Amino acid sequence: MSDASATERDSAWIALCDVDELPRAGARVFRATCGDIAVFRTIDDHVFALADRCPHKGGPLSQGLVCGHTVTCPLHAWVIALDSGEAQAPDAGRTPRHAVKVDAGRVWLQAARMPEDADAPSARA
Amino acid sequence: MTQHRQDGDSGARGRPRLVVIGNGMAGMRTLEELLAIAPDTYDVTVFGAEPHPNYNRILLSPVLAGEQAFEDIILNGPDWYAAHDIRLHTGSPVTMLDRVRRTVSNEAGVSVPYDRVLIATGARPGRLPIPGVDLAGVLGYRDIADTESMIAAAATASRAVVIGGGLLGLEAANGLRCRGMDVTVVHLPATLMERQLDAAAGRLLQKSLAARGIRFVLQAQTSALIGDDDGHVRAVFLADGTRLAADLVVMAVGIAPNVDLAQRAGLHCRRGIVVNDTLQTFDPRIYAVGECVEHRGQTYGLVAPLFEMAKVAANHLAARGYSRYAGSVTATKLKVTGIDLFSAGDFEGNEDTEEIVLSDPGGGTYKKLVLQGDRLVGSVLYGDTVDGSWYFGLMRDRRNVAELRGRLMFGEANLGDTGHQGQHRAATMPDEAEVCGCNGVCKGTIVRAIREHKLFALEDVRRHTKASASCGSCTGLVEQILMTVAGADYSATPTAKPLCGCTDRTHADVRHAIRDAHLLSIPAVMHFLEWRTPDGCARCRPALNYYLLSTWPHEAQDDPQSRYINERALANIQKDGSFSVVPRMWGGTTSAAELRRIADVVDRYRIPTVKITGGQRIDLLGVQKQDLPAVWRDLDMPSGHAYAKALRTVKTCVGSEWCRFGVQDSTNLGIDLERALWRMVAPHKVKLAVSGCPRNCAESGIKDVGIIGVESGWEIYVAGNGGIKTEVAQFFVKVKTAAEVLEHTGAFLQLYREEGHYLERTVHFVARVGLDYCRRQVVDDEARRRELFDRLMFALRDLPDPWRVDQPAGARSEYALLGATATP
Ligand code: SRM
Ligand SMILES: Cc1cc2nc3c(=O)[nH]c(=O)nc-3n(C[C@H](O)[C@H](O)[C@H](O)COP(=O)(O)OP(=O)(O)OC[C@H]3O[C@@H](n4cnc5c(N)ncnc54)[C@H](O)[C@@H]3O)c2cc1C
Ligand code: SF4
Ligand code: FES
């Protein structure tokens, strides 16, 4: 990214919402400069954040069914692991992750992709 | 030898010890099933008499014929055992099962204590009680060693006699012939494969094998085998005095379950080791599976039933304790390249059965279907076996075929199936031909996956390739490919299909449990039925939610997070993540005021596409999710439920109000039906149509319930479908008044709501339970019809329009972006 201030802004921690504002076994969307980010809350109250684009054909993962630590894409039912962003076999592909943390019931997010995912192929819209 | 018994149920790793005797197909399949559901339960030791890891015995025939190599047929290589921490002792048979000390020991002196034993010793070739059976050059056909001996014999000797013209004998004869030997088959009955084929098919088979140069001597009894001075076989003598020269004799006269070890251990055996429906022997610590067992008086010699046993045994070894084995229907396919033969069930028939036969001996085709009442109970196919798996499925599922009867003989292809270019013959398809149109999977990919991953079942093919995993219309083709590649019908999926991978329970089990135990929430169901996953999967959760709501209306807890996005958002998701909105237009009618409001909404929310749907209403496509609640508010029209497994449209024609042919007021009946039944959720979507005369402009013939006006009243048709597989609706009943139409329609739909499986449309539901059953409940029994109708009305009473924005659903935060409330 060429714009240094944007990089800085994206790597800062953003206070998103309270955990309770995320539906359990569901997700909501944060519209970041780099694109939509899906913020998931699982049945056991873990919180994950992935780019809101399926590695298959760009389906909005935030709209999928959340089961265990996976989400099933609403368009063609690829199953994506929430922790790694990897598609479950036989499908192959990876969705970039974003760092999230929960602190005293508050959800914090970094709008920049996780460094190790920075080169993850971006899904076709 | 260390043979002291340790007390307590634990092995070296603190786990109970499981010892498997027999390293063959049934034993290892059981272990695979066990590892899949309860990976760390046992400390496992496997004993095998053969010096090989587990291989696919079925494929010995292609190996003998020179079409595959030994390496290709290994199922579980040494690395598989290592990866699962399984100790393997091969090359030495188990000689003792000591039930007092609880140890298993082999000839080589290894002795292992156990807590549970699984016996899977298979069977051995039968031997005729005649002189000379012990001569060199006389073989059975069972394992790699036999196959190697035959291959070696074929390289040096020229004359072979195969005794027995059953499946194994003919495969051996063909293999030896392929290797250049001069082969004669001696068979006692008058036709080949008499246990699988009737006389007509047997003769066709004999003709084509004879054309390959195999000679046959039928109705012939072997009396002795004669050897030379070195003790090697040289001739076969028949009872009528005929002498056949032979350097190799293969005896394929049936199999005998290997029960010696079990018998010596004092376990109850008859022909096989006797087991109950949980595959337990008379000693509760000892289970047995495979060809060595006898279950309900029956022994089996094909893999499909053994795999079903394996599933049940694994379930009990894993201490789940609920699944049962109830016997199997089996099917056979001869694995001789170039000969297509399929047989299943009771192909001979009896005085209670009827037969449909198509015979074209000149063209080399013969088909026979045996029916008992409305069920298919047997079939023999020769020359054209494309429909084998379909017929087998109809038999296994005990499907009512009364309505298919006229077309049954012509096969599944004849039922109409869109999206496959009319392609229904897997065998003749080129590798690059597309099989699964939804996921773009071509034949070559499926064939490769079956070979590389040694797949046996349809479910496995789906998992590895996605073929037939979406709309399912190519399931038949995929099963055919599985049959041709794997060489046998071991694609047999058990009748009782579990709901999904999270459970072994079937749809019916779950429905019963919800009703009988009065379960009211998804967690309660999962807990009660011991789900394997903490919160299910995308397949079971929506099903459970439906079963709860349809069983306990106004009482069960709805879980929006277990609904597919369309049902959660109350709109249909589109490929770009936007949504479509389809408001309800009663019976396909609208007004100037509605059209004006629609036009305003389109302008106000910049909706890119407005389309008339195939269901007589208007679709607004490309609406942003955040705009949905406002769009509904401004439209001020009821929800069309285009997003739901629910009543969709009631199509109507203009009818007697305007049309010069109309004899009944179809428009108003359609509107009344739609007003009475809208908001009705169901196992799948439900579509109705009402036409005002038999010209049927509303296409009532392909609807879940289609109604046609005639002079004297209304004809009701049910279970039509216009989608993937076009099915014409079947006549249900004729009634006089509109009120009767409503009551019959409602009662039929309530029966479907209460007994249908999730994602089963009325056409599949009726195929499963039978149209007669539905008629008995709805048409013949007035009291039952009332009951059903009243329960439907109770379920629908006071249900809100989900689009009413003041409803909690409409106000859910789901529609709001997070960014809008957060300050970076
Ligand atoms: C909009 C419409 C096409 C159109 O532009 O005309 C349509 C659009 C879709 N159909 Fe359809 N079907 C539409 C009429 C039909 C019809 C014709 C009819 O209803 O008279 C059929 C054949 C009749 C039938 O159902 O038997 C039809 C058979 C299907 C099927 C195959 C069903 C089957 O059992 O074989 C599917 C797949 C499914 O439901 O699983 C399907 C699925 C779909 C879905 C929902 C695909 C999806 O899951 O996203 C499409 C949603 C697009 C959207 O957002 O609106 N659609 N679809 C029609 C809406 C009618 C309405 O007013 O509600
Ligand atoms: C040539 C051929 C073709 C076939 N074709 C088909 C087909 O097309 N379709 C079909 O469905 N079926 C076919 N079958 C039948 C199928 O292979 C069997 O039904 C299946 O292998 C039986 O499985 P099992 O585990 O019960 O026995 P097996 O696979 O025979 O396994 C039993 C194992 O236990 C071992 N064993 C026995 N006693 C002891 C002992 N005391 N100690 C240790 N180990 C012991 C044996 O050596 C053997 O390895 C075919 C069989 C053959 C031989
Ligand atoms: S509207 Fe129906 S037929 Fe058309 S693409 Fe979608 S699912 Fe297929
Ligand atoms: S876009 Fe996600 S599965 Fe196709």
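Trainee: Where in chain A is P90(A) found?
Mentor: P90(A) sits in the loop between β7 (79-81) and β8 (97-103) of chain A. Strands here are DSSP runs of E, at least two residues long, and helices are runs of H or I, at least four, numbered from the N terminus. This is a predicted model: local features need pLDDT of at least 70, side-chain atom pairs count only at pLDDT 80 or more, and totals for chains, interfaces and linings use all residues. Residues are numbered from 1 along each chain as its sequence is written, chains are lettered from A and ligands numbered from 1 in the order written, and side-chain values use heavy atoms, without hydrogens and water.

Trainee: Is the peptide bond from A89(A) to P90(A) cis or trans?
Mentor: Most peptide bonds are trans. The one from A89(A) to P90(A) is cis. Its omega is near 5°.

Trainee: Is phi of Q219(B) positive or negative?
Mentor: Most residues other than glycine have a negative phi. Phi of Q219(B) is positive, near 50°. Look for Q219(B) in the loop between β14 (215-218) and β15 (222-227) of chain B.

Trainee: How many residues surround ligand 1?
Mentor: Count a residue when one of its heavy atoms lies within 4 Å of the ligand. For ligand 1 that gives 20 residues. The closest are Q574(B), T613(B), G614(B), K685(B) and R761(B).

Trainee: Which side chains have a polar atom by an oxygen atom of ligand 1?
Mentor: A polar contact is a pair of N or O atoms within 3.5 Å. T613(B) places a side-chain N or O atom 2.6 Å from an oxygen of ligand 1.

Trainee: How do the shell residues of ligand 1 divide?
Mentor: Into one nonpolar, 11 polar and eight charged. Asp, Glu, Lys and Arg count as charged; Ala, Val, Leu, Ile, Met, Phe, Trp, Tyr, Cys and Pro as nonpolar; the others, Gly among them, as polar.

Trainee: And ligand 2: which residues are closest?
Mentor: A26(B), E50(B), R142(B), E291(B) and K335(B). In total, 31 residues surround ligand 2. They divide into 15 nonpolar, 10 polar and six charged.

Trainee: Which helices supply the shell around ligand 2 with at least two residues each?
Mentor: In chain B, α1 (25-37), α5 (167-178) and α8 (303-317) do.

Trainee: Which backbone atoms meet ligand 2?
Mentor: Take the nitrogen contacts. A backbone N or O atom of V94(B) lies 2.8 Å from a nitrogen of ligand 2. For A49(B), a polar backbone atom is 3.0 Å from a ligand nitrogen. At M25(B), a polar backbone atom is 3.3 Å from an oxygen of ligand 2. Taken alone, ligand 2 exposes 1,000 Å² (Shrake-Rupley, 1.4 Å probe). The protein buries 93% of that.

How values were computed:
A polar contact is a pair of N or O atoms within 3.5 Å; within protein, one must be able to donate a hydrogen and the other to accept it, and residues adjacent in sequence count only if both atoms are side-chain atoms.
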